[in-house]
Amino acid sequence: MKKTLLSVLAGLTVMGSAIAVPDPGDREELCKLLIEKGTHVWVEKTEACIPVNPCLSDEENIRNAYCISIPGMEQNGIALEDERQVKTFLDRFAEKVLKTDVLDDIKYLDNGGVAVKTDDDGYYAFQQVKASTCETQARTAALAYGREMTEVKKDSGFTYVITKISEQDCTDIKDFENLLYVKTDTKVDYSDKKDGSCSFYCNQTKK
């Protein structure tokens, strides 16, 4: 039964993925059987039935649509370790990237996952990783603003650079990193060359 349901829903998780599909009401009814098993959730915003932890899905389109991740980082995880950090990050990510608000009900999943619903009936999840290095901290702070960093190797360690950014946004990301982790050892420089460059310096050696 479960395999049959999964087969039926496989092509229905993202809108427009098929030409002829059941209407949203039918998809939601099919999804309820999987919801009862605790394996899936219904996302009203996209009218899709997805795994409770989309970050572990085998379907790339599901991971891209519902999993918050940092490309290139170990486990594609977010460097958050406690409830305060999770709430602080999600509030800022929702404001700056999703243009909505998160609901207070944060769901902690198996395998280190965290999921949240948003005010606009959306659903997002991410995997947590340890926030022990300035790299993971800086990358996570930048992700809350929808920005990614490029790694540049230096003699003294590694620099993580955000390009095409204003000085104000550079300062805001660094201030948010300090808010998120209370105290960090990251140093930040801004250059107005080439449409703006924000550099985060990590002094530790990386293997």
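Guide: Asp189 sits in strand 8, which spans residues 187-191. Keep in mind as we go that this is a predicted model.

Visitor: Is Asp189 buried, partly exposed or exposed, and what is its relative accessibility?

Guide: With a relative accessibility of 45%, Asp189 falls in the partly exposed class. Setting aside neighbours within four places in sequence, Asp189 is in contact with Cys170, Ser197, Cys198, Ser199 and Tyr201. Its C-alpha atom is 9.6 Å from that of Val161, a residue 28 positions away along the chain.

Visitor: Let me step back to the whole chain. How many helices and strands does the chain have?

Guide: The chain has six helices and nine strands. Of its 207 residues, 43% are buried. Among contacts with a separation of 6 or more, 52% join residues 24 or more positions apart.

Visitor: How should I read the packing of two helices?

Guide: Two numbers describe a packed pair: the angle between the axes and the distance between them. Here, helix 4 (residues 83-98) packs with helix 6 (residues 167-181) at about 150 degrees, and their axes are 9 Å apart. An angle over 145 degrees counts as roughly antiparallel, so helix 4 and helix 6 are roughly antiparallel to each other.

Visitor: Which residues of helix 4 meet which residues of helix 6?

Guide: On the helix 4 side they are Arg84, Gln85, Thr88, Phe89 and Arg92, and they meet Phe176, Leu179, Leu180 and Tyr181 of helix 6. Sorted by class, the contact of helix 4 with helix 6 holds five nonpolar, two polar and two charged residues.

Visitor: At what angle do helix 5 and helix 6 cross?

Guide: The axes of helix 5 and helix 6 cross at roughly 115 degrees and come within 9 Å. This crossing is right-handed. Helix 5 brings Cys134, Thr136, Gln137, Ala138, Thr140, Ala141 and Ala142 to the contact, while helix 6 brings Ile173, Phe176, Glu177, Leu180 and Tyr181. By class, these residues are eight nonpolar, three polar and one charged.

Visitor: How many residues of helix 5 are buried?

Guide: In helix 5 (residues 134-143), 10 of the 10 residues are buried, so the helix is largely enclosed by the rest of the structure. The buried residues include Glu135 and Arg139.

Visitor: How do I read a nonpolar core?

Guide: In soluble globular proteins, nonpolar side chains tend to be buried together. In this model, the largest nonpolar core has 39 residues, and those with the most contacts inside it are Ile68, Phe89 and Leu90. Among the elements that each supply at least two residues of this core are helix 4, helix 5, helix 6, strand 3 (102-108) and strand 9 (197-202). Another core, of 13 residues, lies apart from it and includes Val43, Ile50, Leu109 and Ala115.

Visitor: What is Ile68 in contact with, apart from neighbours within four places in sequence?

Guide: The partners of Ile68 are Asn76, Ile78, Phe89, Leu90, Phe93, Tyr124, Ala125, Phe126 and Leu143.

Visitor: One last feature: how do I read the backbone angle phi?

Guide: Most residues other than glycine have a negative phi. Lys99 has a positive phi, near 60 degrees. Lys99 is in the loop between helix 4 and strand 3, and its relative accessible area of 64% makes it exposed. Asp121, also not a glycine, has a positive phi of about 70 degrees. Asp121 lies in the loop between strand 4 and strand 5, and at 46% relative accessibility Asp121 counts as partly exposed.

How values were computed. Residues are numbered from 1 along each chain as its sequence is written. This is a predicted model: local features need pLDDT of at least 70, side-chain atom pairs count only at pLDDT 80 or more; totals for chains, interfaces and linings use all residues. Side-chain values use heavy atoms; hydrogens and water are left out. Axes are lines fitted to C-alpha atoms, for helices over the stretch in contact, and angles run from 0 to 180 degrees between N-to-C directions. Helices (H or I, at least four residues) and strands (E, at least two) are DSSP runs, numbered from the N terminus. Angles under 35 degrees count as roughly parallel, over 145 as roughly antiparallel, 65 to 115 as roughly perpendicular and the rest as oblique. Contact means heavy atoms within 4.5 Å. Ala, Val, Leu, Ile, Met, Phe, Trp, Tyr, Cys and Pro count as nonpolar, Asp, Glu, Lys and Arg as charged, and the others, Gly among them, as polar. Buried means under 20% relative accessible area, exposed over 50%, partly exposed in between (1.4 Å probe, protein chains only). A nonpolar core is a set of buried Ala, Val, Leu, Ile, Met, Phe, Trp, Tyr and Cys residues joined through side-chain atoms within 4.5 Å. A crossing is left-handed if the near helix is turned anticlockwise from the far one by less than a right angle, and right-handed if clockwise.
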